[in-house]
Amino acid sequence: MTSASTRTAGSVGVVETQYADLPAPVPLDCGRELPVRVAYETYGTLSPERDNVLLVCHALSGDAHAAGESAKPRESTRDGFGAEDRDGAAGKGLGWWDGMIGPGKAFDTDRYFVVSTNLLGGCGGTTGPASLDPATGRPYGADFPVITVADMVRTERALLDVLGIERLAAVAGGSLGGMQALQWAVTYPDQVDAVVVIASTHALHPQGLSWNAIARDAIMRDPDWQGGRYYGTGRKPDAGMGVARMVGHVTYLSSASMGDKFGRRLQSSDDIRYTITDAEFQVESYLRHQAETFVRRFDANTYLYTSRALTYFDLARQHGGGSLVKALEGVRAKALLIAFSSDWLYPPLASQEIHDALQELGKPVELHVIDAPYGHDCFLLEEARQTPIIRAFLGTDEKEAP
């Protein structure tokens, strides 16, 4: 039961995205129900006992293609900071976490059957705002229901039911993916053995809420957004979406990493040219490039709905009456928390708070803070330093592959 059709050393090979129509509508926190199709990929071999499943959850701008080479031409989701320097032309078809998933890697496909889905509300094949509403035959647009991280996890649980998978050896993810891993541990405590939560939080801090609000406003203030009903009009809120991506992208970086890569270097001349409209500095040109790349592959409404979902996420409020300790009381999975020293959007303090709450409850938990300069994007870039920590936590090096 693997979607990888070829294998090379250290790679899961060429992968075809698969799709599953869930047999029943997914009940949502907002009170509605939603018929859902899920896009997903799998890597590795499912054991006869079906006890080696590892679910990987992606961040805001990701999709189901987490590892290997895409079977079809596509816009790469590996478009973050330093992606071109790291990947070159080879990065276009690679999964967004290819350095972490595969034979001998952090999530070892010689040991685990890895499942990666496009989250609910996405634009990579799973039902989202751009999908057709069966009641009208038109894209949902602004009629798509407001969703939560718990809704995303409920959808993942329903997909696993379709695949005949009852429990998970581990759930792993970074950023919004880490939120999903935590939600799994809280919502389905008897079905998860371990969670790997990277550069994430139990609730986004006010500064993070603010930056997300600015990004959403940039989209909604674009006249071409048209109240979310821009599908089929020939106009999309590309300008607002581009600004949202610029804002979001800067929050994923650090001052040190931007200084090292760009400094105050000019883009195309030896001196300033006294222009308002042109990109004078290399960093300006870089951000414009990021915006142009992103709007080609991502749906603006998906950005709005996904951003809102991650800002709603608050384990203490939703499950503990304001107490994080109470919210985590029922967790049975062992937990690995990885944070990065320069991440100011999902700072190490958030991981420390989760660690301390689990430790107070006597739950098995590890916290590793990696000193690295790339900000929040470290969870995508510092793969080599995360790998031994994750393999030791999962005990991969001590076990033979099935």
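Me: What do the buried residues of helix 11 pack against?
Reply: This is a predicted model. In it, they pack against helix 3 (176–187), helix 10 (324–327), strand 13 (334–340) and strand 14 (365–370).

Me: Which residues of helix 11 are buried?
Reply: Ala 350, Ser 351, Ile 354, His 355, Ala 357 and Leu 358. Seen down the helix axis, these buried residues fall within an arc of 165 degrees, so they line one face of helix 11.

Me: What span should helix 11 have, and what do its ends show?
Reply: Helix 11 has 13 residues, 348–360. At 1.5 Å a residue, counting one less than the number of residues, the helix should span 18 Å. Its end C-alpha atoms are 18 Å apart, which agrees.

Me: What happens just after helix 11?
Reply: Gly 362 takes a positive phi there, about 75 degrees.

Me: New topic. In what order do the strands of the open sheet come?
Reply: The order is 2-5-10-6-11-12-13-14. That is 8 strands, with mixed pairing.

Me: Which strands stand at the edges?
Reply: Strand 2 (18–21) and strand 14. Each has a single partner strand, so one side of each is left without a neighbour in the sheet.

Me: How do strand 5 and strand 10 run?
Reply: Antiparallel. Strand 5 (residues 37–43) is joined to strand 10 (residues 113–117) by 4 bridges.

Me: Which strands does helix 13 lie across?
Reply: Helix 13 (residues 383–394) lies across strand 6 (53–57), strand 11 (170–174), strand 12 (194–198), strand 13 and strand 14. Helix 13 runs at about 170 degrees to strand 13.

Definitions and conventions:
Residues are numbered from 1 along each chain as its sequence is written. This is a predicted model: local features need pLDDT of at least 70, side-chain atom pairs count only at pLDDT 80 or more; totals for chains, interfaces and linings use all residues. Side-chain values use heavy atoms; hydrogens and water are left out. Helices (H or I, at least four residues) and strands (E, at least two) are DSSP runs, numbered from the N terminus. Buried means under 20% relative accessible area, exposed over 50%, partly exposed in between (1.4 Å probe, protein chains only). The arc is that of the directions from the helix axis to the C-beta atoms. Contact means heavy atoms within 4.5 Å. Two strands pair if DSSP finds at least two bridges between them. Axes are lines fitted to C-alpha atoms, for helices over the stretch in contact, and angles run from 0 to 180 degrees between N-to-C directions.
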